[in-house]
Every structure is written in structure tokens, then in C-alpha cells.
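Please study the structure shown below before reading on.

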Amino acid sequence: MNANFEYYKVFYYVSKYENLTKAAAVLKTSQPAVTRTIHNLENILGCRLFIRSKSGMKLTPEGRIFYEYVAAGCAQFFKGEDNLNNLISLENGTIYISATETALHCYLFEAIRDFNIQYPNVHFKILNNSTTDSVNALKEGKIDLAVVSAFLQVSEPLKMKVVRKYKEILIGGTRFEELKGKKVSLAELSSYPWVSLTSEAITRNFMNAYFAKNGLQFSPDVELATTDMILPAVRYNMGIGFLPEEFAKDDLAAGKVFEIEVNEALPQRNIILIHDTEYPQSIASKAFQKFLTDREYE
């Protein structure tokens, strides 16, 4: 009995990630199915290919020799598939993305709209996650791209690129009208009630550092789970709060909230595109990555 290419493909990804779960995610199958395939392949070849332990799947000496041949063969197959997909994927491709709320509202929705004008048949599957969860989904091979709004240290094979800068503004509701039209210091504002994200959010760390830099401690009176909850909380006069300018523009225009000018400038922030350099990307995904980097900082 001979092994087919699917067996070699499973063996390739388990070897690459040294992890059954990650291999299953990339192959879009279940972990038990991957395990069965490896067992079948070992039975066909008559030797063990992996040493299984709590730390992962490590190749045996025989497995390492076999991997050299399989990796070379897979590279050729993947190249052929890539060239074929190049002919069809921009006509019928799907791109999987995980993004933060801020990245969606300040950048990604507009970018997807403009991309679909050029490529109307490309579909998008979008998850709304935190920065940490988006990066984890990328590591696990569940998505093609992560678009996030908070800096997070990543290592190879992940690569990140800043695709846009944005700023946050401080807003208040009718309860705090005495602040309208005035430029005030952060120290003066520290006695006011504040709304912000919970301490688990990376953005909250950014706010903590901003206050600490100005010799103040940040202790919000109302802590919220997501950025889109800040605007209604301010509108209902639960406190004042920072949020990306794009979130508040309609309420600002309608006079429901107003911008509070602060002496101490809040640093600009970034929208960051992250991808896995070792993960096989579809032509649609590659085209969208290029589209995003070409429109950098628009």
C-alpha cells in the first residue's frame, strides 16, 4: 500500500509546527483526523516518524530524513497550486481576517469596500477579537491576516507592518459642559469621572502609561469591555473618556458629545497588519495585503 499526497501533506504540517492542533487548523480538519493519518503513514512506512510528548511532536531520526524529501516535494506542489489559484482566486477567493474594533472602524471597513470595487467576487470572513486573540488566531492558522490597533511583541514567522496612524480624542457629554471650549490639563481632569476599557485590554495599558508619564494614576470610575461601549457611556454622562476620533464623529456633529481639549497631547497610535510568513497565503489574501500596504497612511 502506498501513501497518497494528502498523507505527505499532513506529515509536512505536523513536522513544521510540531503540533497536531496547529496542523489541523492549517489543513482545516480535526486533530483526530491528523493523528489517524500520521498513524497510517507510520504503518505504511514501517517506522515511527514522531516522538510524542507534552511539549509537542518531535521528528525521529527517520522522520527528519523523510521530511527533507517531503518538504522539497510539497514546495513544488504548493507552487503549482499557487500558480493555478492565481488564475481563479481573485474571481472566487475568501480572505479570513481577525481585527479589533478600532482597526475595523478606523481602517479595515473602508479598505475592504475599496478592495471590493476592484475585486467584487472576493469574499471576506471577519472575526472581531482583541489584539491578543487576533494574534493567537493567526498563530493557530485559523485566519490569513490580523489587523490590530495595539502594539504587541511578535516573533518570527509573524511579521507586522503599520498601515495607518490614528488619534484618540477626549469627549464629554452635557453634564460636563463647563469643559467645552477650554483647554485643560490632565491634572485638572483627574478629578472628573472617567470611562475606559478594563485592565485586561492592551489599550488600557496605553492609557495607564499616558497618565503615569504625566505624574498621575489612572483609575476609571466605569470600566467597559469594548471600545464601542465608551461613546454611549459618555453620551449618558457616566464620565469622560478617550476613544478614536472616527467613533465619535457623528455624535460630535450632532452635538450629543463634544471634544475636550487637553494640554498634554495623547500620542498617535497605529493600525497594524500582521501575517505569518510561513503560512500558505491564497492569491486573494496576497493581493489584499499588497492593497493595504500600497494605501499606507491614507
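## Packing of two helices

In this predicted model, helix 2 and helix 3 are roughly perpendicular to each other, because the angle at which they pack is about 105° and angles of 65 to 115 degrees count as roughly perpendicular. Their axes lie 8 Å apart. Helix 2 covers residues 20-27, and helix 3 covers residues 31-45.

On the side of helix 2, the contact is made by L20, T21, A24 and L27, which meet Q31, V34 and T35 in helix 3. By class, the residues of this contact are four nonpolar, three polar and no charged.

Is I95 buried or exposed? Residue I95, placed in strand 3 (residues 94-99), has a relative accessible area of 0% and is therefore buried, since the term applies under 20%.

When neighbours within four places in sequence are left aside, the contacts of I95 include F115, V122, H123 and F124, as well as A284, S285 and F288. By contrast, the C-alpha atoms of I95 and E177 are separated by 45 Å, and these residues are 82 apart along the chain.

T131 belongs to helix 6 (residues 131-139). With a relative accessible area of 6%, T131 is also buried. Its contacts, again leaving aside neighbours within four places in sequence, are T100, V148, S149, A150, L152 and I202.

The second largest pocket holds about 350 Å³ of space. Of its 18 lining residues, T100, N129, S130, T131 and A201 are the closest to its centre. At least two lining residues come from each of helix 5 (101-118), helix 6 and helix 8 (202-213). The lining comprises five nonpolar, eleven polar and two charged residues.

## Enclosed cavities

How many cavities of 30 Å³ or more does the structure hold? There are two. The largest cavity contains about 110 Å³ of space, and of the 16 residues lining it, the closest to its centre are E168, L197, T203, I230 and F242. Strand 9 (195-197), helix 8 and strand 11 (241-244) each contribute at least two residues to this lining, which has nine nonpolar, four polar and three charged residues.

The second largest cavity has about 40 Å³ of space. Among the residues lining it are G172, G173, T174, E177 and K180, together with F258. Its lining divides into two nonpolar, four polar and three charged residues.

Conventions
Residues numbered from 1 in each chain as written. Predicted model: local features only at pLDDT ≥ 70, side-chain atom pairs only at ≥ 80, totals over all residues. Heavy atoms only, no water. Helix = DSSP H or I, 4+ residues; strand = E, 2+ residues; numbered from the N terminus. Buried < 20%, exposed > 50% of the residue type's maximum accessible area, 1.4 Å probe, protein only. Contact = heavy atoms within 4.5 Å. Axes fitted to C-alpha atoms, helices over the stretch in contact; angles between N-to-C directions. Parallel < 35°, antiparallel > 145°, perpendicular 65-115°, else oblique. Nonpolar A, V, L, I, M, F, W, Y, C, P; charged D, E, K, R; others polar. 1 Å grid on protein atoms, 1.4 Å probe; cavity = no way out; pocket = protein on both sides within 12 Å on 5 of 7 lines; lining within 4 Å. Points joined across faces, edges and corners; volume = space filled by probe spheres on them.
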